[in-house]
Number of protein chains: 2
Amino acid sequence: MPVSLSKAFPKLKGIVEKYQDFWYEETLPAKYTLLQEGDVSNTLYFIVKGCIRLSNNYNGKEITIQFFFENEFVSSFESYLKNTPSDFSIETIEECQLLVIKKENWKTIMDQNPLFREMFFDFTSDRFINYIHHFLSYIQEKPEERYQNLIKNKSHILQRVPLQYIASYLGITTVSLSRIRARKQPK
Amino acid sequence: MPVSLSKAFPKLKGIVEKYQDFWYEETLPAKYTLLQEGDVSNTLYFIVKGCIRLSNNYNGKEITIQFFFENEFVSSFESYLKNTPSDFSIETIEECQLLVIKKENWKTIMDQNPLFREMFFDFTSDRFINYIHHFLSYIQEKPEERYQNLIKNKSHILQRVPLQYIASYLGITTVSLSRIRARKQPK
DNA sequence: TATAAAAATTAACATTTGTTAATTAAATTC
DNA sequence: GAATTTAATTAACAAATGTTAATTTTTATA
């Protein structure tokens with residue numbers, strides 16, 4: 001049991017302990033693909049340490065949709081919940097220490113444990129709301145404003161994530177991001 | 001009980017009949033605001049007849065996020081579920097015939113009726129997946145491609161919805177939409 | 001540590017959208 | 001049905017991003 005878990009996520013800690021055999025730990029190197037776009041997801045990850053991105057490839061262009069950090073669940077949810085081919089790939093950015101659970105075991109816990117059900121529902125609805133806000137920022141703001149807001153509100157992303165992923169997250173090219181950075185931080 | 005409901009949504013029909021007192025019907029004119037951005041949503045609508053849009057206002061710019069038609073539930077879900085001020089307004093486009101249920105009654109049914117719970121969960125996850133795809137189209141495609149795809153895949157929207165709303169749905173100005181239309185459908 | 005590979009920046013030009021304003025078309029209402 | 005309002009289109013110019021390519025910087029690794 002990772003030490004950090006008990007501090008960060010006491011609820012989950014209890015559940016992992018109770019259903020010990022259902023969970024396992026995994027340490028994976030940077031740039032490791034956890035799920036390939038097009039495959040059906042049957043694994044749910046919880047990040048103990050590290051940083052992960054969820055991306056989509058369209059005509060050879062890879063776009064990062066979301067970043068995940070410590071104490072977050074990661075999965076391609078629509079694929080995980082509906083058994084459909086995933087629209088997204090999931091890849092580690094840094095070396096990651098993960099708690100892993102397979103879908104069958106997850107289902108068992110979901111059926112048996114109202115606390116976990118509640119926690120998971122909270123988590124997915126937060127994720128949904130996250131999506132909504134990210135989406136709104138896309139349609140409300142210009143790339144440059146999105147970058148400024150990233151600095152203001154999500155500087156942890158800027159500190160840990162390579163600029164190429166940030167550019168695609170902002171919906172622009174690395175070239176354009178460089179220009180914005182040069183423009184707004186003179187000297 | 002609206003006649004069309006039994007055909008289109010037999011599941012819901014049973015539930016509406018069983019919990020008759022919880023639901024009421026409403027007929028509202030075009031351009032009627034069902035929910036004002038900033039207010040907390042406590043109403044869930046089901047469209048029997050008509051067409052509704054969900055929008056967001058940012059610095060005076062109104063952006064349409066989604067359209068809803070017959071046999072769909074409509075609400076500002078994050079507000080409805082979390083009791084937070086809504087990021088969106090909800091407004092009729094045409095005259096609408098609606099089935100309405102207030103949150104307290106909705107909660108009662110959710111608690112008592114697994115069938116409704118399942119139906120509602122299916123509905124919200126479909127809505128989530130919808131969002132994801134709409135979002136992906138935003139970051140993958142140019143406005144012009146989005147318009148072409150709208151013609152190809154969602155022509156019912158084009159037929160029923162004024163172009164100003166479609167422009168904002170595509171993330172562009174009406175001027176730009178006019179240009180695209182002039183460009184791609186010569187003569 | 002030197003070498004190679006990958007990432008980030010800069011430059012020049014093309015393309016597209018935004019903006020403002022004028023014009024035409026369509027819908028509303030008195 | 002005439003008058004008024006709203007919606008859609010067109011035009012001209014400004015502004016921002018995309019594209020391609022070259023250059024510099026950083027990171028990885030032999």
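Predicted model: local features only at pLDDT ≥ 70, side-chain atom pairs only at ≥ 80, totals over all residues.
## Basis of the model

Local features need pLDDT of at least 70 and side-chain atom pairs count only at pLDDT 80 or more, while totals for chains, interfaces and linings use all residues; side-chain values use heavy atoms, without hydrogens and water. Residues are numbered from 1 along each chain as its sequence is written, with chains lettered from A and ligands numbered from 1 in the order in which they are written.

Helix 5 (residues 114-140) of chain A and helix 5 (residues 114-140) of chain B have axes that come within 11 Å and cross at roughly 30°. Helices are DSSP runs of H or I with at least four residues, numbered from the N terminus; axes are lines fitted to C-alpha atoms over the stretch in contact, with angles from 0 to 180 degrees between N-to-C directions. The two helices are therefore roughly parallel to each other (angles under 35 degrees).

Residues of helix 5 of chain A, including A:F121, A:F128 and A:Y138, meet residues of helix 5 of chain B, including B:F121, B:F128 and B:Y138 (contact means heavy atoms within 4.5 Å). The residues of this contact divide into 14 nonpolar, 2 polar and 2 charged. Here Ala, Val, Leu, Ile, Met, Phe, Trp, Tyr, Cys and Pro count as nonpolar, Asp, Glu, Lys and Arg as charged, and the others, Gly among them, as polar.

## DNA strand C

DNA strand C is surrounded by 20 residues, and the closest are A:K31, A:L163, A:Q164, A:S178 and B:R179 (near means a heavy atom within 4 Å). The residues of this surface divide into 7 nonpolar, 6 polar and 7 charged. Helix 9 of chain A provides the largest share, 6 residues.

A backbone N or O atom of A:Q164 lies 3.0 Å from a phosphate oxygen of DNA strand C. The side chain of A:R179 has an N or O atom 3.2 Å from a base nitrogen of DNA strand C.

## DNA strand D

Around DNA strand D there are 21 residues, with A:R179, A:R183, B:L163, B:Q164 and B:S178 the closest. Helix 9 of chain B gives the most to this surface, with 6 residues. Of the atoms of DNA strand D within 4 Å of the protein, 59% belong to sugar or phosphate and the rest to bases.

The backbone of B:Q164 places an N or O atom 3.0 Å from a phosphate oxygen of DNA strand D. For B:R179, a polar side-chain atom lies 3.2 Å from a base nitrogen of DNA strand D.

Conventions:
Polar contact = N/O pair within 3.5 Å; in protein donor to acceptor, adjacent residues only side chain to side chain. Parallel < 35°, antiparallel > 145°, perpendicular 65-115°, else oblique.
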